[in-house]
Every structure is written in C-alpha cells, then in structure tokens.
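Reader: Could you walk me through one part of this model, the place where the two chains meet? I'd like a close look, in plain words.

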Amino acid sequence: MNELEMARDVVAVVLLLLGAFLCLTAGLGLLRFPDVLTRMHAGTKPQVLGVLLVMVGAAIRLQGWSATWMLLLVAAFQLLTAPVSAHMISRVAYRRRHVRRDRMLVDELTTGGAVRDRVYQGDEPADAPPEQPGTALEESRRRDGAR
Amino acid sequence: MSDESTPESGHRVRHQIPLLVWLVLVWNLLWGTWSWANLLGGVAVALAVTWLLPLPPVVGGSRVRPLPTLFFLGYFLVDLIRSGALVAWQTIRPRGIDRSAIITVQLRTDSDLLLTVLTESLTLVPGSMVIDLDRERRTLALHVLHVRDDADVEAQRTAVLAQEERVVRAFGSPEAVAALGGAEAGTGRDAR
C-alpha cells in the first residue's frame, strides 16, 4: 500500500514538473520568437499541454473528487478558450501588419487575393513598415520628382 | 395548421438540450458534490441563462459517431503531445525557429459547427494557428510554424484536409460525409 502511494506521488511529481517545464518554454518562446504570430504559437500551445499535465498531476496527488471535478473544468475551459484568444490576437496582428515578412516562406493570404495598395492599406499603425519596402521607396521618390 | 410551428419550436428545443445538459454539468462540477439540490439548482440556472442570453441555434444536423469520434480524439491527443514537444524544443534550441508561412486551404465542409470544431482543433495543435476563415468561399488561412520548403507547405495542407475528414466523419451529417467523398472523387468540381 505504501509503495503504491509512493508510485502515485512519483507519477504526480513527474507530470507536474513536465507541465511546469512546458509553461516555462511558453515564456521562453515569447522572448525568443521574432514576431507576434510566432509568439502566439509559443504563448498558447505548449502552455495548453503544460496546464493539462499540471491538472492531471494535481488530480492524481489531491485527495477527494471535489477538487478533481474543478480541475476537469479548468482543463475543459482552457481547451475551449485558448484557441479563440490566440486566433483573435493573431488576426488583429496580421491585419495591422505586425508581421515579419522576411521570416516567412509564403503568405498565400496576400499572394492569393489581390492586394489593394502595396504601400498602405489604411488598417495598420502609423509606424508599420510598408508591405513592399523597395516599391514603396520608388513610389514616394516618383511622387517627389513629379512635384 | 399548428403543425407549421411545431417542427420549428421542436427543432429549437432539441438544439437547446445539449446546451442545457452542459450548463447543468458545469454547475454540478463547480459545486463538486452530487446532490438533488445541486441538480435542481443547475437546471434552474441553465434555464435562466438560456432564457436571458439566447444563442442562435446551430443549424445543420450533426451526430456523434462513437468510433470515428474516438479516432478523432485519440489522433488529436497524440498530435497535441507530439507537436507540443516539438514547439517546446524549438523554443529552447539555440538555433531558434525556421521560417514560418501562411497557407490557405480549400475546405469541403459547409457547416458552422464542423468548421468551428475544425478551427478549434487546428489552433489547439501547436505549430498551426487559424488566422482567417472565409465562410463563403470555405477557405481557411492558417499560420504554420517551422516550414523549410514548399514540400512542407503541401504536407501541412494535406494534414489540414485529413483533420477535416476526421472531424466530418466523427460529427458530420451524412450529407457532409457524402460531400467529402464527392470532392475527393472529382477535385475539379469545387467551383459549383
């Protein structure tokens, strides 16, 4: 009986540490990744798995079903809400052009559809870099020359 | 005469039942203990919530097929763990991440519920995140972490379509499953 409890504790500790480590990598990713979109990957995904592991570990360690139900609810709502917030933030970031295009292989959202204005769309912050810097520079020079 | 309104209201109530059951379940889980008082209180709260804050009904019949659902959930769990470990490794390795990409995928399903399940599951799995969904054209734009070349992009695209197929086979109506097979048989048919 004692050995069984010991084994249960070891499993719980391993799960808790693994979950905490995954949450740590989420924080590291926020620091190390280059732009908003990639950071949202780091900030939401390993963290979801981390929280799930912490929940399972805590459910094993804690006595009583009452706590287990609460942990189950936390896990369920984490699974339901994390993708929505990640999607909303990354969608806004994309539309306001907080995107590092130099780190991107393809962007079929712009190459597929017609881009209205290559310089500015009117939906980006004042300090946003132009969509195509070379073209933008050329265009502004042409405008200055015409004036 | 009154038959005209009965299917409509019956339809509504039938679609509200899963929501009511879910709310009662949440209420009981929050209390943590089982008792008749909790159950009745949960029913009262659920009715009040659905009456005060009505949601639009989810149109389009759906069903749950046990075996494909288990397959979908199992695959999802494996995917979650595998790519969770992958993204964690990419954050700590010295080299950092490779290039990322935004790809668009032409979907075949045409149901709000199925698309919601699909986009939620795609966004939950590390390495892919839905940015935009064009509901009318049924195209999905998603950002994928770590792609090396065009072959990777194509692999991601087929992975999304495979995920769509698992979702539809698990929860879709027979028409949705049929649309899946039809689109597979003739790929040039997508511009109806």
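Author: Let's start with a term: two strands pair if DSSP finds at least two bridges between them. Helices (H or I, at least four residues) and strands (E, at least two) are DSSP runs, numbered from the N terminus. Keep in mind that this is a predicted model, where local features need pLDDT of at least 70, side-chain atom pairs count only at pLDDT 80 or more, and totals for chains, interfaces and linings use all residues. Residues are numbered from 1 along each chain as its sequence is written, with chains lettered from A and ligands numbered from 1 in the order in which they are written.

Now the strands: S1 of chain A (residues 104-107) runs parallel to S1(B), and two bridges join them. Within that pairing, A:Met104 sits opposite B:Ser100 of S1(B).

Zooming out, 36 residues of chain A are in contact (C-beta atoms, placed from the backbone, within 7 Å) with 34 residues of chain B. On the chain B side, the elements giving two or more residues are helices H1 (5-31), H3 (66-92) and H4 (112-124), plus strands S1 (99-106), S2 (128-134) and S3 (139-147). H3(B) supplies the largest share, seven residues. Sorted by class, that side of chain B has 21 nonpolar, 10 polar and three charged residues. Here Ala, Val, Leu, Ile, Met, Phe, Trp, Tyr, Cys and Pro count as nonpolar, Asp, Glu, Lys and Arg as charged, and the others, Gly among them, as polar.

Notes. Two residues are in contact if their C-beta atoms, placed from the backbone, lie within 7 Å.
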